[in-house]
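Here are my notes on the model you sent over.

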Amino acid sequence: MEKNKFKFALFGSGYSLVYFAKKLKEMGLADPFIFTHPEVDYKQDNKNFKGKIFFSNIFKYSKENKLSHFQIKDFNSSQVLKILKKNKINFGFSYASRTIFNDRIIKYFKKNLFNLHPSFLPENRGGGTYSWTILNDYKYIGATIHLVNKRIDEGNIIFQKKTKINLHKKKVYLEKLMLEFNRLSEKLIDKFLFNILINKTLKYKKQKENNSSYLPRLYTTLNGAIDWNLDIDNIEKFIRAFSNPYPGSFTFIKNKKVIIKTIKIVNRNSKFHPLCYGRVYSINNEDGSIKVICNGGIIKIKELYVSNKKYNASKVVNKLTIFHSPLDVILDAKFKILST
């Protein structure tokens, strides 16, 4: 197939989608048609990720390179299908799409609609992959390009890679995981496009359902409530799992919401009664830090965020302060799932 016969539609957003568009240009292929959800839907992500090396703004890139860019709420709409047919687009690739493609779109592409997922499928289908990786102490991070079908992340596998990472020992944060995924995704995209360009028949591998797992998307402002009854190691993992570039896990001092992004475990040997969990143990006015009692030891906190402002922790608390998260907030964090 001649180079000018390859016409891609890219669905979604993020670093990997921009990288895909750059590779098309580098390989001398036609500019892709970009389909995103309305820019307002990405407002929080664009704010949280701005200036981060693991992030690329698809809106900015499309504008700078004068790409055909359509902001559409639902990628299954008749408007999308009309654009695809009119421009004879024959390949589709998605990353971080918030639409589950329906039969009509899938059939249009005739097994040429692919998705990039940040895990080693069939493990860890669904959203919130980076946070779940930290919470569950997974031993590696993966990336998979697979064929799209109607079920979430269940299509036949084309290419995949994974790399080991010691999350617990190295206290890995989200930004490190995102960088590792980007490195893996670049290699997969390069390999995928090379195989497409030389017209090599792609080999499909069916996913093994016995090895599959699914966890839903997480939203920090809902699911990031700290349960002070958790043991100290799980509290530490929890805070890392919702930290930068996301808003940070949260709890309360009386009725005031406070954000905690980083902590350090300084004592695992002390045992305290549950009545002590969340209580300020000591305040260090010299370095601005505080120590807080947990289930199984003591943590040190240097910074707290209140109303989006960062403070030395010692300026926010006093010797009678107790961090707590109301039961209804904890239950919402555990059981509520937002679909978009």
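1. A definition before the surface: a patch here is built from residues with over 30% relative accessible area and no salt bridge, and nonpolar side chains are joined within 5 Å. Ile 100, Ile 152 and Tyr 214 make a nonpolar surface patch of about 290 Å². Tyr 214 sits in strand E9, which covers residues 214-215. Tyr 214 has 47% relative accessibility, so it counts as partly exposed. Do keep in mind throughout that this is a predicted model.

2. Now the overall picture. The protein chain has 340 residues, and buried ones make up 49% of them. You'll find twelve helices and 18 strands in the chain. The C-alpha trace spans about 70 × 40 × 35 Å along its principal axes. The accessible surface comes to about 18,100 Å², with 50% of that belonging to carbon and sulfur atoms. Take the contacts between residues at least 6 apart in sequence: 70% of them join residues at least 24 apart.

3. On to the sheet of seven strands. It is open, its order is E3-E2-E1-E4-E5-E7-E8, and the pairing is mixed. Which strands stand at the edges? They are E3 (68-71) and E8 (157-164); each has a single partner strand, so one side of each is left without a neighbour in the sheet. From one strand to the next, the twist averages 15°.

4. Strand E1 (residues 8-12) is worth a click. Five of its five residues are buried, so call this strand mostly covered. E1 pairs with strand E4 (residues 91-95) in the parallel sense, over five bridges, and Gly 12 stands opposite Tyr 95 in E4. E1 also runs parallel to strand E2 (residues 33-36), joined to it by three bridges. Leu 10 has Ile 34 as its bridge partner in E2.

5. While you're in E2, look at Ile 34, which has its place in that strand. Is Ile 34 buried or exposed? It is buried, because its relative accessible area is 0%. Leaving out residues up to four places away in sequence, Ile 34 touches Leu 10, Ile 58, Ser 62, Leu 67, Ser 68, His 69 and Phe 70. His 69 is 35 residues from Ile 34 along the chain, yet their C-alpha atoms are separated by 4.6 Å.

6. Ile 89 is another one to inspect. This residue lies in the loop between helix H4 (78-86) and E4. Although Ile 89 is in a loop, it counts as buried because its relative accessibility is 2%. Beyond its neighbours within four places in sequence, Ile 89 is in contact with several residues, including Lys 7, Phe 8, Ala 9, Phe 33, Tyr 108 and Phe 109. For a contrast in spacing, Ile 89 and Arg 151 are 62 residues apart in sequence and 23 Å apart in space, C-alpha to C-alpha.

7. At the other end of the strand order, E7 (residues 140-147) and E8 run antiparallel and are joined by seven bridges. Ala 143 has Lys 161 as its bridge partner in E8. Helix H8 (residues 174-197) packs on the sheet and touches E1, E4, E5, E7 and E8; its direction makes about 30° with that of E7. Helix H1 (residues 15-26) lies across E1, E4 and strand E5 (113-117), and runs at about 165° to E1.

8. Next comes the sheet of four strands. It is open too, with the order E12-E15-E14-E13 and antiparallel pairing. E12 (264-267) and E13 (280-284) stand at the edges with a single partner strand each, so one side of each has no neighbour in the sheet. The twist here averages 30° from one strand to the next.

9. Some details of that sheet to finish. E13 and strand E14 (residues 289-294) pair in the antiparallel sense over four bridges, and Asn 284 has Ser 289 as its bridge partner in E14. Helix H10 (residues 232-241) lies across E12, E14 and strand E15 (297-301), running at about 160° to E12.

Notes
Residues numbered from 1 in each chain as written. Predicted model: local features only at pLDDT ≥ 70, side-chain atom pairs only at ≥ 80, totals over all residues. Heavy atoms only, no water. Patch = residues over 30% accessible without salt bridge, like charges linked within 9 Å, V, L, I, M, F, W, Y side chains within 5 Å. Areas by Shrake-Rupley, 256 points an atom, 1.4 Å probe, with all protein chains shown as cover. Salt bridge = Lys/Arg side-chain N within 4 Å of Asp/Glu carboxyl O. Helix = DSSP H or I, 4+ residues; strand = E, 2+ residues; numbered from the N terminus. Buried < 20%, exposed > 50% of the residue type's maximum accessible area, 1.4 Å probe, protein only. Pairing = 2+ DSSP bridges. Axes fitted to C-alpha atoms, helices over the stretch in contact; angles between N-to-C directions. Contact = heavy atoms within 4.5 Å.
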